[in-house]
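Please read it alongside the sequence and the coordinates.

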Amino acid sequence: MGQVLVEDKEIVAPGQVIATGMDCIPGKGTYRDNEEIIASTLSIMTVDGNVFKGIPMNGRYVPQEGDRVIGRVKDILMSGWKIDLNSAYDAMLPLKNASFDYIERGSDLTKYFALEDYLSVKITGVTSQKLVDITAKGKGLRKLDEGRIIKVNPQKVPRLIGTRGSMISIIKKALDCNIFIGQNGYAWIRGEPEDEVKAIKAIRKIEREAHTAGLTERISEMLEA
Amino acid sequence: MTLRPDGRKPHETREITAEAGVIKQADGSAKFKIGNTEAVAAVYGPQELHPRHLQNPKKGILRCSYNMLPFSGDGSRVRPGFSRRSEEISHVTTKALEPVVDLTEYPNSVVDVFIELTQTDAGSRCAGICAASMALADAGITMKDMVPAISVGKLNDTLVIDLDGEEEHLDENETPDIPVAMIPRSEEITLLQLDGIVTQQELLDGMSLVKESLHEIADLQRKALKKQYEGVVQE
Amino acid sequence: MNNNLKDHLKKSLKQDVRVDGRKKHEHRDITIEKGAISTAEGSARLTAGDAEILAGVKAEVREPWPDTPDAGSLMVNVELLALSSPDFESGRPGIESIEPSRVIDRGFRESGALNLKNLCIKKGEAVYGLSIDIVPLNYDGNIYGLGGLAALAALQDTELPGLTENNTIDYDAEGPAFSLKRKPIPITVYKVGDLLLVDPTDEEENIADARLTITTLDDNKVCSLQKGGSAPLTDEDFEQMLNIAFNTREKLMEALDE
């Protein structure tokens, strides 16, 4: 029977021994070296039964099918728009996925999305070579006018949003702001100027303290002040 | 008469301070200071790689660059820009780190590591590798292990760890200087250079001696990476 | 830059709320640590918000310029490192680093802060040449202002090295006394739409339409100016910018002398 050498939710660094024993299973963020399970990323280690998984503290976004993200138009081509996803991988938005209107090839595409526009889109497919297909047709998907775009840590997005949106709702309600956080680490905020500043402060606090307990209360307190 | 000008014991390194998350706009970063030598490293990536012909469809590539800031030399100003010495150190630094990183999740991309020396007093390439290794971990890159690096040298027939600037120039013939980087778990060597004259046996003894220091440095690196997340709940 | 986003930020500015909550004429709090770099003859580390700038002074012995045989020299260089921001690239310096280098340089030169004749070792043969390198390690805007201030602090920290018999640098010997007669502080006021603000962050710099760098001295004196950006300045802009600059100078002088 093996030994577990870290506590649940402990932060571990590459090369650190997590556990020993052949019945331990190395999940994401770990690897096996003979009897030992070793951390391979700077991460929060969780144990689920005998599966060890590290949730990374940092890391650039890697596109995944099904993700809702915010993209930035970096180029306009005949076939559609080239979109920056805050990742090593750009996405192509083809004409047919841009709008419920029929867009004729050769027409003025800037009517829909111009250079430097930000839009919320959904990732519909990612190939092994990381070619990314996206769509802007769908509920809630649109060009993001007005407001501020900031970068957030993509690995903290789940914490920022919260279970079923619980965390982000607290901020939206308290400050009367529209906020959309893309899985890819772009976030859009719109509200009164002072409320936007407060919202961003709250977001930065969540990023910093994501790995701690009692965060929801602290954020609520901060927003009440 | 003490062997070392600053009174250190043969296997004693200078004082080390290590800190991660020091460059806000980078994807990962770290500062590694040993004695009066300080290296700052920042990682950008994985990101798009240009030109296209450098792209590897099987995995991302690692690209390190080492540079001394103009005021960091122990003598006159270091002219900014290209230098053959920096090119070589950049290259061996990349080779020192490549064996531990796993970039298979990022085909066709590049992970850039920029290392800048803010002040130097010997051991700058080792400090750079230490900082770079931490910065890569800080950026969330998948790595087998940390990569610590330090020099072992010879003063008056005694093997010593971590030569400082004064020691480097003590001998009228160059003080033998061996920078080493290692993967702690396997004790495999990823950086090895030598300037100076040593015997075969001294070399082997030096390699044994330096391992303990390298393990200690790796522990310091991991501690520093974690430290940035401790005590965050203050305000 | 996206015009919608720019307009939105301008709206906030009209309400005197900046991206980090400051007011338009509010400068970030500054800390200055002198002597931060052990290998420099004089150095400073300056922080302002998320910005962190290192400035280091190095001295060499060189031949004087032929037209000023009894004067030393001063050179200012701003290094924008790829390490500091995803927007900076390695390679040949572009106007982004050349312009602030020259503007900060002129600020010192025209202020008379340094008596270059005090740097003369042997007329016609040997003088001290000083280089100031300014490196925004953590870039967050306002290199013209923060860089100039860091350089000034580094110069205040400077001690000249001594000389050998052959008039080469001897770091172990004491050199001649070195001090600044004046304190030129470059303050850059930025124009966004119709509004003026001071000490922009990186985000704010990207939406600015114009800027004016005013190198201030005591007694309401100015020794150097540089206008940048595509938008023109009105007379009112200019007058206002001067006022803002001198008000800001007070705060910066305090940080310098702590």
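**Basis of the contacts**

Two residues are taken to be in contact if their C-beta atoms, placed from the backbone, lie within 7 Å. The model is predicted, and the values below are computed from it.

**Ile171(A) and its surroundings**

Applied to Ile171(A), and leaving out residues up to four places away in sequence, this criterion gives contacts with Cys177(A), Ile179(A), Ala199(A), Ala202(A) and Leu223(A). Ile171(A) belongs to helix H2 of chain A, which covers residues 166–175. Is Ile171(A) buried or exposed? Because 26 C-beta neighbours lie inside 10 Å, Ile171(A) counts as buried, the threshold for that class being 20 or more. Met222(A) is 51 residues away from Ile171(A) along the chain, and the C-alpha atoms of the two residues are separated by 10.0 Å.

For H2(A) and helix H4 of chain A (residues 215–224), the axes come within 10 Å and cross at roughly 10°. Angles under 35 degrees count as roughly parallel, and H2(A) and H4(A) are therefore described as roughly parallel to each other. On the H2(A) side the contact is made by Met167(A), Ile170(A), Ile171(A), Ala174(A) and Leu175(A), while H4(A) contributes Thr216(A), Ile219(A), Ser220(A) and Leu223(A). By class, the contact of H2(A) with H4(A) comprises 7 nonpolar and 2 polar residues, with no charged residues.

At the level of domains, chain A is divided into domain 1 (3–56), domain 2 (68–135) and domain 3 (148–224). The C-alpha centres of domain 1 and domain 3 of chain A are 30 Å apart.

**Overall form of chain B**

Chain B contains 4 helices and 9 strands, which follow one another along the sequence in the pattern β-β-β-β-α-β-α-β-β-α-β-β-α. The radius of gyration of chain B is 18 Å, close to the 18 Å given by the globule rule for 235 residues, so chain B is as compact as a globular protein of that length.

Along its principal axes, the C-alpha trace of chain B spans about 55 × 50 × 40 Å. Buried residues account for 52% of the 235 residues in chain B, and of the contacts in chain B with a separation of 6 or more, 72% join residues 24 or more positions apart.

**Interfaces of chain B**

The contact between chains B and A takes 30 residues from chain B and 23 residues from chain A. Strand S3 (37–48), helix H2 (124–138) and helix H4 (200–227) of chain B each supply at least two residues of the side that touches chain A. That side of chain B divides into 14 nonpolar, 7 polar and 9 charged residues.

Towards chain C, 22 residues of chain B are in contact with 25 residues of chain C. Here S3 and strand S5 (109–119) of chain B are the elements that give two or more residues to the side touching chain C, and the largest share, 4 residues, comes from S5(B). By class, this side of chain B has 9 nonpolar, 9 polar and 4 charged residues.

**Ile187(C) in strand S9**

In chain C, Ile187(C) is placed in strand S9, residues 185–192, and counts as buried because 27 C-beta neighbours lie inside 10 Å. Not counting residues up to four places away in sequence, Ile187(C) touches Gly145(C), Val198(C), Ile214(C), Thr216(C), Ala245(C), Thr248(C) and Arg249(C).

Technical notes:
Residues numbered from 1 in each chain as written. Chains lettered and ligands numbered in written order. Predicted model: local features only at pLDDT ≥ 70, side-chain atom pairs only at ≥ 80, totals over all residues. Nonpolar A, V, L, I, M, F, W, Y, C, P; charged D, E, K, R; others polar. Buried ≥ 20, exposed ≤ 12 C-beta atoms within 10 Å, placed from the backbone. Domains from an automatic or database assignment. Rg over C-alpha atoms; globule rule 2.2 N^0.38 Å. Axes fitted to C-alpha atoms, helices over the stretch in contact; angles between N-to-C directions. Parallel < 35°, antiparallel > 145°, perpendicular 65-115°, else oblique.
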